Number of protein chains: 2
Amino acid sequence: MKRAVVLLSGGLDSTTTLAIAIEQGYEAYPLSFDYGQRHQIEIDAARRIAKSLGAKEHRVAKIDMRIFGGSALTDDVDVPKKRSETEIAHGIPVTYVPARNTIFLAYALAWAEVIPAAHIFLGVNAIDYSGYPDCRPEFIEAFETLANLGTKAGVEGTRFRVHAPLIRFPKSEIIRKAVELNVDLSLTHSCYDPSPEGLACGGCDSCLLRLKGFRETGIEDPIRYARK
Amino acid sequence: MKRAVVLLSGGLDSTTTLAIAIEQGYEAYPLSFDYGQRHQIEIDAARRIAKSLGAKEHRVAKIDMRIFGGSALTDDVDVPKKRSETEIAHGIPVTYVPARNTIFLAYALAWAEVIPAAHIFLGVNAIDYSGYPDCRPEFIEAFETLANLGTKAGVEGTRFRVHAPLIRFPKSEIIRKAVELNVDLSLTHSCYDPSPEGLACGGCDSCLLRLKGFRETGIEDPIRYARK
(Lines give C-alpha, C1' and ligand atoms only; values in the text may rest on other atoms or scores of the structure.)
Protein backbone atom coordinates (compact mmCIF):
# COMPACT_ATOMS: atom_id res chain seq x y z
CA MET A 1 0.00 0.00 0.00
CA LYS A 2 1.26 3.48 -0.86
CA ARG A 3 1.92 5.56 2.24
CA ALA A 4 1.70 9.31 2.57
CA VAL A 5 2.47 11.87 5.22
CA VAL A 6 -0.31 14.47 5.19
CA LEU A 7 0.24 17.88 6.76
CA LEU A 8 -2.87 18.43 8.85
CA SER A 9 -3.72 21.69 10.60
CA GLY A 10 -7.34 20.77 11.26
CA GLY A 11 -8.65 23.42 8.88
CA LEU A 12 -10.91 22.88 5.87
CA ASP A 13 -8.09 22.59 3.36
CA SER A 14 -5.78 20.15 5.08
CA THR A 15 -8.74 18.04 6.22
CA THR A 16 -10.04 17.79 2.66
CA THR A 17 -6.52 17.00 1.48
CA LEU A 18 -6.35 14.13 3.98
CA ALA A 19 -9.70 12.82 2.73
CA ILE A 20 -8.42 13.03 -0.87
CA ALA A 21 -5.23 11.14 -0.02
CA ILE A 22 -7.25 8.37 1.59
CA GLU A 23 -9.69 8.33 -1.35
CA GLN A 24 -6.71 7.95 -3.70
CA GLY A 25 -5.69 4.80 -1.84
CA TYR A 26 -2.89 6.10 0.37
CA GLU A 27 -2.34 4.84 3.87
CA ALA A 28 -2.30 8.22 5.57
CA TYR A 29 0.05 9.47 8.29
CA PRO A 30 -1.18 12.92 9.27
CA LEU A 31 1.35 15.25 10.87
CA SER A 32 0.35 18.31 12.89
CA PHE A 33 2.43 20.98 14.57
CA ASP A 34 2.22 22.46 17.97
CA TYR A 35 4.28 25.54 17.14
CA GLY A 36 3.36 27.91 19.90
CA GLN A 37 0.46 29.31 17.94
CA ARG A 38 -2.35 30.94 19.81
CA HIS A 39 -4.92 28.37 18.82
CA GLN A 40 -4.20 25.11 20.58
CA ILE A 41 -7.73 24.22 19.48
CA GLU A 42 -6.33 23.44 16.03
CA ILE A 43 -4.40 20.52 17.41
CA ASP A 44 -7.41 19.01 19.14
CA ALA A 45 -9.36 19.41 15.92
CA ALA A 46 -6.58 17.67 13.99
CA ARG A 47 -6.64 14.70 16.37
CA ARG A 48 -10.38 14.23 15.99
CA ILE A 49 -10.19 14.59 12.20
CA ALA A 50 -7.37 12.07 11.82
CA LYS A 51 -9.39 9.58 13.80
CA SER A 52 -12.68 10.22 12.00
CA LEU A 53 -11.12 9.82 8.54
CA GLY A 54 -9.35 6.57 9.44
CA ALA A 55 -5.74 7.74 9.25
CA LYS A 56 -3.14 5.12 10.08
CA GLU A 57 -1.16 7.14 12.62
CA HIS A 58 -1.31 10.78 13.64
CA ARG A 59 1.65 12.60 15.14
CA VAL A 60 2.03 16.05 16.61
CA ALA A 61 5.47 17.61 16.49
CA LYS A 62 6.09 20.28 19.09
CA ILE A 63 8.20 22.99 17.50
CA ASP A 64 9.23 26.38 18.70
CA MET A 65 8.64 28.96 15.98
CA ARG A 66 7.83 31.79 18.35
CA ILE A 67 11.52 32.50 18.76
CA PHE A 68 11.52 33.86 15.22
CA GLY A 69 8.58 36.21 15.53
CA GLY A 70 7.72 38.09 12.38
CA SER A 71 4.05 37.16 11.98
CA ALA A 72 0.61 37.89 13.38
CA LEU A 73 0.20 34.16 13.97
CA THR A 74 3.19 33.87 16.25
CA ASP A 75 3.69 37.35 17.71
CA ASP A 76 1.53 39.17 20.19
CA VAL A 77 0.10 41.48 17.57
CA ASP A 78 -3.53 41.80 16.58
CA VAL A 79 -4.97 39.56 13.91
CA PRO A 80 -6.53 41.92 11.33
CA LYS A 81 -10.32 41.81 11.22
CA LYS A 82 -13.05 42.52 8.67
CA ARG A 83 -10.69 43.19 5.81
CA SER A 84 -12.18 43.43 2.35
CA GLU A 85 -11.73 40.71 -0.22
CA THR A 86 -9.33 42.96 -2.12
CA GLU A 87 -7.21 43.50 0.97
CA ILE A 88 -7.14 39.78 1.65
CA ALA A 89 -6.34 38.87 -1.95
CA HIS A 90 -3.46 41.27 -2.61
CA GLY A 91 0.10 40.90 -1.51
CA ILE A 92 1.63 38.66 1.10
CA PRO A 93 -0.67 38.26 4.10
CA VAL A 94 0.25 39.60 7.55
CA THR A 95 -0.27 36.04 8.72
CA TYR A 96 2.70 34.97 6.62
CA VAL A 97 5.08 33.01 8.88
CA PRO A 98 8.70 33.04 7.67
CA ALA A 99 9.61 29.77 5.97
CA ARG A 100 6.68 27.96 7.55
CA ASN A 101 5.98 25.50 4.78
CA THR A 102 9.71 24.87 4.38
CA ILE A 103 9.85 23.88 8.04
CA PHE A 104 6.63 21.84 7.87
CA LEU A 105 7.71 19.99 4.73
CA ALA A 106 11.14 19.32 6.24
CA TYR A 107 9.47 17.59 9.20
CA ALA A 108 7.12 15.72 6.89
CA LEU A 109 10.13 14.54 4.92
CA ALA A 110 11.90 13.35 8.07
CA TRP A 111 8.87 11.33 9.13
CA ALA A 112 8.30 10.05 5.58
CA GLU A 113 11.83 8.71 5.51
CA VAL A 114 11.28 6.84 8.78
CA ILE A 115 7.87 5.32 7.88
CA PRO A 116 9.00 4.87 4.98
CA ALA A 117 6.69 6.85 2.70
CA ALA A 118 7.49 8.54 -0.61
CA HIS A 119 4.49 10.87 -0.69
CA ILE A 120 3.70 14.08 1.16
CA PHE A 121 0.35 15.86 0.88
CA LEU A 122 0.03 19.58 1.49
CA GLY A 123 -3.31 21.41 1.62
CA VAL A 124 -2.45 24.69 -0.06
CA ASN A 125 -5.30 26.24 -2.06
CA ALA A 126 -5.76 28.82 -4.81
CA ILE A 127 -5.82 31.75 -2.38
CA ASP A 128 -2.69 30.61 -0.55
CA TYR A 129 -1.11 30.15 -3.93
CA SER A 130 -1.81 33.75 -4.87
CA GLY A 131 -0.50 35.20 -1.61
CA TYR A 132 2.08 32.97 0.04
CA PRO A 133 5.41 32.39 -1.71
CA ASP A 134 5.74 28.96 -0.10
CA CYS A 135 2.48 27.75 -1.61
CA ARG A 136 3.47 28.05 -5.28
CA PRO A 137 4.03 25.05 -7.57
CA GLU A 138 7.64 26.11 -8.23
CA PHE A 139 8.29 26.08 -4.49
CA ILE A 140 6.79 22.61 -4.20
CA GLU A 141 8.90 21.33 -7.09
CA ALA A 142 12.02 22.85 -5.52
CA PHE A 143 11.18 20.98 -2.32
CA GLU A 144 10.85 17.68 -4.20
CA THR A 145 14.30 18.23 -5.69
CA LEU A 146 15.70 18.98 -2.24
CA ALA A 147 14.02 15.90 -0.75
CA ASN A 148 15.46 13.59 -3.36
CA LEU A 149 18.96 15.02 -2.95
CA GLY A 150 18.99 15.44 0.80
CA THR A 151 17.87 12.07 2.15
CA LYS A 152 19.26 8.57 2.46
CA ALA A 153 16.04 7.29 0.88
CA GLY A 154 16.41 9.70 -2.04
CA VAL A 155 20.01 8.66 -2.62
CA GLU A 156 18.89 5.03 -2.51
CA GLY A 157 16.26 5.54 -5.19
CA THR A 158 13.06 6.78 -3.53
CA ARG A 159 11.46 9.55 -5.58
CA PHE A 160 9.67 11.82 -3.13
CA ARG A 161 6.56 13.56 -4.35
CA VAL A 162 4.74 16.47 -2.78
CA HIS A 163 1.05 16.52 -3.69
CA ALA A 164 -1.00 19.69 -3.44
CA PRO A 165 -4.36 18.55 -4.83
CA LEU A 166 -6.16 21.79 -3.92
CA ILE A 167 -3.65 24.23 -5.36
CA ARG A 168 -6.08 25.49 -8.00
CA PHE A 169 -9.20 25.15 -5.84
CA PRO A 170 -11.10 28.14 -4.47
CA LYS A 171 -12.65 27.62 -1.03
CA SER A 172 -16.11 26.80 -2.43
CA GLU A 173 -14.76 23.88 -4.46
CA ILE A 174 -12.86 22.60 -1.45
CA ILE A 175 -16.08 22.60 0.56
CA ARG A 176 -17.94 20.77 -2.22
CA LYS A 177 -15.16 18.21 -2.46
CA ALA A 178 -15.19 17.69 1.33
CA VAL A 179 -18.95 17.13 1.32
CA GLU A 180 -18.61 14.70 -1.61
CA LEU A 181 -16.05 12.75 0.44
CA ASN A 182 -18.31 12.72 3.53
CA VAL A 183 -15.90 14.78 5.61
CA ASP A 184 -17.44 15.86 8.89
CA LEU A 185 -16.89 19.60 8.49
CA SER A 186 -18.09 20.29 12.03
CA LEU A 187 -14.71 18.95 13.19
CA THR A 188 -12.71 21.47 11.17
CA HIS A 189 -11.38 24.71 12.52
CA SER A 190 -10.18 27.71 10.52
CA CYS A 191 -10.18 30.78 12.79
CA TYR A 192 -6.90 32.63 13.51
CA ASP A 193 -8.32 34.15 16.67
CA PRO A 194 -10.90 31.91 18.38
CA SER A 195 -12.62 32.79 21.67
CA PRO A 196 -11.44 31.02 24.83
CA GLU A 197 -14.39 28.63 24.39
CA GLY A 198 -13.23 27.83 20.88
CA LEU A 199 -15.80 29.80 18.89
CA ALA A 200 -14.58 31.15 15.56
CA CYS A 201 -14.28 34.97 15.56
CA GLY A 202 -16.03 35.44 12.21
CA GLY A 203 -13.84 38.43 11.33
CA CYS A 204 -10.29 37.27 10.61
CA ASP A 205 -9.19 36.60 7.03
CA SER A 206 -9.54 32.88 7.53
CA CYS A 207 -13.11 33.10 8.88
CA LEU A 208 -14.11 35.55 6.13
CA LEU A 209 -12.78 33.27 3.39
CA ARG A 210 -14.44 30.25 4.96
CA LEU A 211 -17.81 31.99 5.35
CA LYS A 212 -17.65 33.28 1.77
CA GLY A 213 -16.85 29.77 0.52
CA PHE A 214 -19.84 28.30 2.31
CA ARG A 215 -22.11 31.11 1.07
CA GLU A 216 -21.07 30.37 -2.52
CA THR A 217 -21.91 26.70 -2.19
CA GLY A 218 -25.21 27.18 -0.41
CA ILE A 219 -24.01 24.64 2.16
CA GLU A 220 -24.35 25.63 5.81
CA ASP A 221 -21.15 25.93 7.82
CA PRO A 222 -21.64 23.54 10.76
CA ILE A 223 -19.16 25.26 13.11
CA ARG A 224 -20.13 27.90 15.66
CA TYR A 225 -19.10 31.54 15.40
CA ALA A 226 -18.91 34.21 18.10
CA ARG A 227 -20.39 36.54 15.45
CA LYS A 228 -20.77 36.45 11.70
CA MET B 1 27.04 45.25 7.57
CA LYS B 2 26.30 41.86 6.02
CA ARG B 3 24.44 39.59 8.40
CA ALA B 4 24.54 35.81 8.53
CA VAL B 5 22.78 33.07 10.44
CA VAL B 6 25.37 30.43 11.37
CA LEU B 7 24.27 26.93 12.33
CA LEU B 8 26.26 26.18 15.48
CA SER B 9 26.36 22.81 17.19
CA GLY B 10 29.34 23.61 19.35
CA GLY B 11 31.57 21.12 17.55
CA LEU B 12 34.86 21.85 15.80
CA ASP B 13 33.35 22.36 12.37
CA SER B 14 30.49 24.71 13.14
CA THR B 15 32.68 26.67 15.56
CA THR B 16 35.34 27.17 12.89
CA THR B 17 32.60 28.09 10.41
CA LEU B 18 31.37 30.77 12.81
CA ALA B 19 34.91 32.13 13.15
CA ILE B 20 35.24 32.18 9.35
CA ALA B 21 31.94 34.06 8.92
CA ILE B 22 33.09 36.68 11.42
CA GLU B 23 36.53 36.90 9.76
CA GLN B 24 34.77 37.48 6.42
CA GLY B 25 33.04 40.50 7.92
CA TYR B 26 29.59 39.11 8.66
CA GLU B 27 27.63 40.11 11.70
CA ALA B 28 26.92 36.62 12.98
CA TYR B 29 23.68 35.21 14.39
CA PRO B 30 24.46 31.67 15.55
CA LEU B 31 21.52 29.27 15.78
CA SER B 32 21.64 26.07 17.81
CA PHE B 33 19.09 23.33 18.29
CA ASP B 34 17.90 21.59 21.36
CA TYR B 35 16.43 18.61 19.55
CA GLY B 36 16.21 16.02 22.26
CA GLN B 37 19.68 14.74 21.59
CA ARG B 38 21.50 12.95 24.35
CA HIS B 39 24.20 15.53 24.70
CA GLN B 40 22.76 18.68 26.22
CA ILE B 41 26.39 19.59 26.74
CA GLU B 42 26.52 20.63 23.07
CA ILE B 43 24.15 23.49 23.74
CA ASP B 44 26.15 24.83 26.67
CA ALA B 45 29.25 24.63 24.52
CA ALA B 46 27.49 26.55 21.73
CA ARG B 47 26.52 29.34 24.12
CA ARG B 48 30.08 29.77 25.37
CA ILE B 49 31.47 29.68 21.83
CA ALA B 50 29.01 32.26 20.47
CA LYS B 51 30.00 34.59 23.30
CA SER B 52 33.74 34.02 22.98
CA LEU B 53 33.74 34.69 19.23
CA GLY B 54 31.71 37.88 19.53
CA ALA B 55 28.53 36.79 17.79
CA LYS B 56 25.77 39.37 17.65
CA GLU B 57 22.95 37.21 18.98
CA HIS B 58 22.72 33.48 19.70
CA ARG B 59 19.44 31.62 19.71
CA VAL B 60 18.53 28.09 20.66
CA ALA B 61 15.46 26.59 19.00
CA LYS B 62 13.88 23.75 20.91
CA ILE B 63 12.66 21.20 18.41
CA ASP B 64 11.29 17.74 18.83
CA MET B 65 12.97 15.37 16.43
CA ARG B 66 12.80 12.37 18.70
CA ILE B 67 9.27 11.67 17.49
CA PHE B 68 10.76 10.59 14.17
CA GLY B 69 13.36 8.17 15.52
CA GLY B 70 15.48 6.50 12.90
CA SER B 71 18.96 7.41 14.14
CA ALA B 72 21.54 6.55 16.79
CA LEU B 73 21.61 10.22 17.75
CA THR B 74 17.93 10.40 18.62
CA ASP B 75 16.95 6.81 19.48
CA ASP B 76 17.94 4.79 22.49
CA VAL B 77 20.34 2.63 20.53
CA ASP B 78 24.05 2.34 21.12
CA VAL B 79 26.44 4.73 19.46
CA PRO B 80 28.98 2.55 17.62
CA LYS B 81 32.48 2.62 19.10
CA LYS B 82 36.01 2.04 17.85
CA ARG B 83 35.05 1.61 14.23
CA SER B 84 37.85 1.56 11.70
CA GLU B 85 38.45 4.46 9.36
CA THR B 86 37.09 2.39 6.49
CA GLU B 87 33.89 1.65 8.39
CA ILE B 88 33.46 5.32 9.23
CA ALA B 89 34.20 6.51 5.71
CA HIS B 90 31.90 4.21 3.77
CA GLY B 91 28.21 4.55 3.30
CA ILE B 92 25.69 6.66 5.18
CA PRO B 93 26.57 6.82 8.89
CA VAL B 94 24.30 5.25 11.53
CA THR B 95 24.22 8.70 13.06
CA TYR B 96 22.35 9.98 10.00
CA VAL B 97 19.21 11.79 11.19
CA PRO B 98 16.43 11.89 8.59
CA ALA B 99 16.24 15.28 6.89
CA ARG B 100 18.22 16.92 9.68
CA ASN B 101 19.99 19.56 7.62
CA THR B 102 16.76 20.28 5.75
CA ILE B 103 15.09 21.01 9.08
CA PHE B 104 18.05 23.01 10.42
CA LEU B 105 18.33 25.09 7.24
CA ALA B 106 14.58 25.71 7.24
CA TYR B 107 14.84 27.21 10.73
CA ALA B 108 17.93 29.18 9.76
CA LEU B 109 15.98 30.55 6.80
CA ALA B 110 13.05 31.55 9.00
CA TRP B 111 15.32 33.43 11.37
CA ALA B 112 17.30 34.94 8.47
CA GLU B 113 14.10 36.35 7.04
CA VAL B 114 13.21 37.97 10.36
CA ILE B 115 16.67 39.50 11.10
CA PRO B 116 16.85 40.18 8.01
CA ALA B 117 19.93 38.32 6.76
CA ALA B 118 20.60 36.88 3.30
CA HIS B 119 23.38 34.52 4.30
CA ILE B 120 23.40 31.18 6.08
CA PHE B 121 26.59 29.38 7.10
CA LEU B 122 26.68 25.61 7.52
CA GLY B 123 29.69 23.73 8.89
CA VAL B 124 29.66 20.59 6.79
CA ASN B 125 33.10 19.15 6.05
CA ALA B 126 34.69 16.76 3.57
CA ILE B 127 33.80 13.66 5.60
CA ASP B 128 30.17 14.71 6.04
CA TYR B 129 30.13 15.44 2.35
CA SER B 130 31.23 11.91 1.55
CA GLY B 131 28.71 10.26 3.86
CA TYR B 132 25.62 12.40 4.44
CA PRO B 133 23.33 13.15 1.49
CA ASP B 134 22.28 16.46 3.05
CA CYS B 135 25.88 17.73 3.12
CA ARG B 136 26.48 17.70 -0.64
CA PRO B 137 26.90 20.87 -2.74
CA GLU B 138 23.90 19.91 -4.91
CA PHE B 139 21.74 19.69 -1.78
CA ILE B 140 22.95 23.10 -0.65
CA GLU B 141 22.19 24.61 -4.07
CA ALA B 142 18.73 23.05 -4.04
CA PHE B 143 18.14 24.66 -0.67
CA GLU B 144 19.17 28.08 -2.00
CA THR B 145 16.66 27.70 -4.82
CA LEU B 146 13.97 26.71 -2.33
CA ALA B 147 14.81 29.65 -0.06
CA ASN B 148 14.57 32.18 -2.87
CA LEU B 149 11.23 30.77 -4.04
CA GLY B 150 9.63 30.10 -0.68
CA THR B 151 10.06 33.34 1.24
CA LYS B 152 8.63 36.83 1.18
CA ALA B 153 12.20 38.18 1.19
CA GLY B 154 13.09 35.97 -1.80
CA VAL B 155 10.04 37.13 -3.74
CA GLU B 156 10.98 40.71 -2.91
CA GLY B 157 14.49 40.34 -4.29
CA THR B 158 16.73 38.93 -1.54
CA ARG B 159 19.08 36.29 -2.91
CA PHE B 160 19.70 33.83 -0.12
CA ARG B 161 23.06 32.14 -0.08
CA VAL B 162 24.12 29.10 1.91
CA HIS B 163 27.87 29.05 2.61
CA ALA B 164 29.66 25.84 3.47
CA PRO B 165 33.28 27.03 3.68
CA LEU B 166 34.59 23.69 5.04
CA ILE B 167 32.94 21.40 2.51
CA ARG B 168 36.29 20.29 1.03
CA PHE B 169 38.23 20.43 4.32
CA PRO B 170 39.42 17.33 6.14
CA LYS B 171 39.40 17.57 9.94
CA SER B 172 43.11 18.44 10.15
CA GLU B 173 42.67 21.52 7.95
CA ILE B 174 39.68 22.61 10.00
CA ILE B 175 41.78 22.42 13.16
CA ARG B 176 44.59 24.43 11.53
CA LYS B 177 42.10 27.05 10.33
CA ALA B 178 40.56 27.28 13.81
CA VAL B 179 43.98 27.80 15.41
CA GLU B 180 44.84 30.43 12.80
CA LEU B 181 41.63 32.27 13.73
CA ASN B 182 42.40 32.06 17.46
CA VAL B 183 39.38 29.89 18.20
CA ASP B 184 39.45 28.54 21.76
CA LEU B 185 39.16 24.85 20.89
CA SER B 186 38.82 23.90 24.55
CA LEU B 187 35.24 25.19 24.28
CA THR B 188 34.29 22.85 21.44
CA HIS B 189 32.60 19.54 21.91
CA SER B 190 32.37 16.70 19.38
CA CYS B 191 31.49 13.48 21.23
CA TYR B 192 28.25 11.63 20.40
CA ASP B 193 28.26 9.87 23.75
CA PRO B 194 29.87 11.95 26.52
CA SER B 195 30.09 10.82 30.15
CA PRO B 196 27.67 12.37 32.68
CA GLU B 197 30.51 14.76 33.65
CA GLY B 198 30.88 15.83 30.02
CA LEU B 199 34.07 13.96 29.15
CA ALA B 200 34.35 12.85 25.53
CA CYS B 201 34.15 9.07 25.17
CA GLY B 202 37.13 8.80 22.83
CA GLY B 203 35.57 5.92 20.89
CA CYS B 204 32.60 7.17 18.85
CA ASP B 205 33.08 8.10 15.19
CA SER B 206 33.12 11.78 16.05
CA CYS B 207 35.83 11.41 18.74
CA LEU B 208 37.90 9.14 16.48
CA LEU B 209 37.79 11.63 13.60
CA ARG B 210 38.61 14.50 15.93
CA LEU B 211 41.54 12.70 17.55
CA LYS B 212 42.89 11.67 14.15
CA GLY B 213 42.61 15.27 12.92
CA PHE B 214 44.58 16.57 15.90
CA ARG B 215 47.21 13.83 15.50
CA GLU B 216 47.71 14.82 11.87
CA THR B 217 48.31 18.46 12.77
CA GLY B 218 50.59 17.80 15.73
CA ILE B 219 48.38 20.17 17.73
CA GLU B 220 47.20 18.91 21.13
CA ASP B 221 43.47 18.52 21.60
CA PRO B 222 42.64 20.69 24.63
CA ILE B 223 39.43 18.84 25.61
CA ARG B 224 39.31 16.02 28.15
CA TYR B 225 38.56 12.42 27.23
CA ALA B 226 37.32 9.56 29.42
CA ARG B 227 39.79 7.43 27.45
CA LYS B 228 41.68 7.81 24.20
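Tutor: Let's start with the open sheet of chain A: five strands in the order S3-S2-S1-S4-S5, with parallel pairing. Strands here are DSSP runs of E with at least two residues, helices are runs of H or I with at least four, and both are numbered from the N terminus. Two strands pair if DSSP finds at least two bridges between them. This is a predicted model, in which local features need pLDDT of at least 70 and side-chain atom pairs count only at pLDDT 80 or more, while totals for chains, interfaces and linings use all residues. Residues are numbered from 1 along each chain as its sequence is written, and chains are lettered from A and ligands numbered from 1 in the order in which they are written.

The edges of that sheet are strand S3 (59–62) and strand S5 (161–163) of chain A, each pairing on one side only. On average, neighbouring strands are turned by 25° against each other, direction ignored; the axes behind that angle are lines fitted to C-alpha atoms, for helices over the stretch in contact, with angles running from 0 to 180 degrees between N-to-C directions. At the S5 end, three bridges join S4 (residues 119–121) of chain A to S5(A), and the two run parallel. One pair to look at there is A:Ile120, whose bridge partner in S5(A) is A:Val162.

Now zoom in on strand S1 of chain A, where you'll find A:Val6. It counts as buried because it has 30 C-beta neighbours inside 10 Å. The cut-offs: 20 or more other C-beta atoms within 10 Å of a residue's own means buried, 12 or fewer means exposed, and in between is partly exposed, with C-beta atoms placed from the backbone. Beyond four places in sequence, the contacts of A:Val6 include A:Thr17, A:Leu18, A:Ala21, A:Pro30 and A:Phe121; contact means C-beta atoms, placed from the backbone, within 7 Å. Over in chain B, B:Val6 stands opposite B:Pro30 in S2(B). Five bridges join S1(B) to strand S2 (residues 27–34) of that chain, again running parallel, and four of the five residues of S1(B) are buried.

What about helix H1 (residues 12–23) of chain A? From first C-alpha to last, its 12 residues reach 16 Å, close to the 16 Å expected at 1.5 Å a residue; the expected span is 1.5 Å times one less than the number of residues. As 10 of those 12 residues are buried, H1(A) is largely enclosed by the rest of the structure. Among the buried ones are A:Leu12, A:Thr17, A:Leu18 and A:Ala21. Their cover includes S1, S2, S4 and helices H2, H8 and H9 of chain A. Just after H1(A), A:Gly25 takes a positive phi of about 95°.

Finally, the copies. A rotation of 180° with 0.0 Å of shift along its axis superposes chain B on chain A (RMSD 0.0 Å), so the two are related as by a two-fold rotation axis. The contact takes 39 residues from chain B and 39 residues from chain A, and H4(B) gives the most to chain B's side, with 10 residues.

Methods
Copies are superposed by least squares on the C-alpha atoms of residues with pLDDT of at least 70 in both. Two residues are in contact if their C-beta atoms, placed from the backbone, lie within 7 Å.
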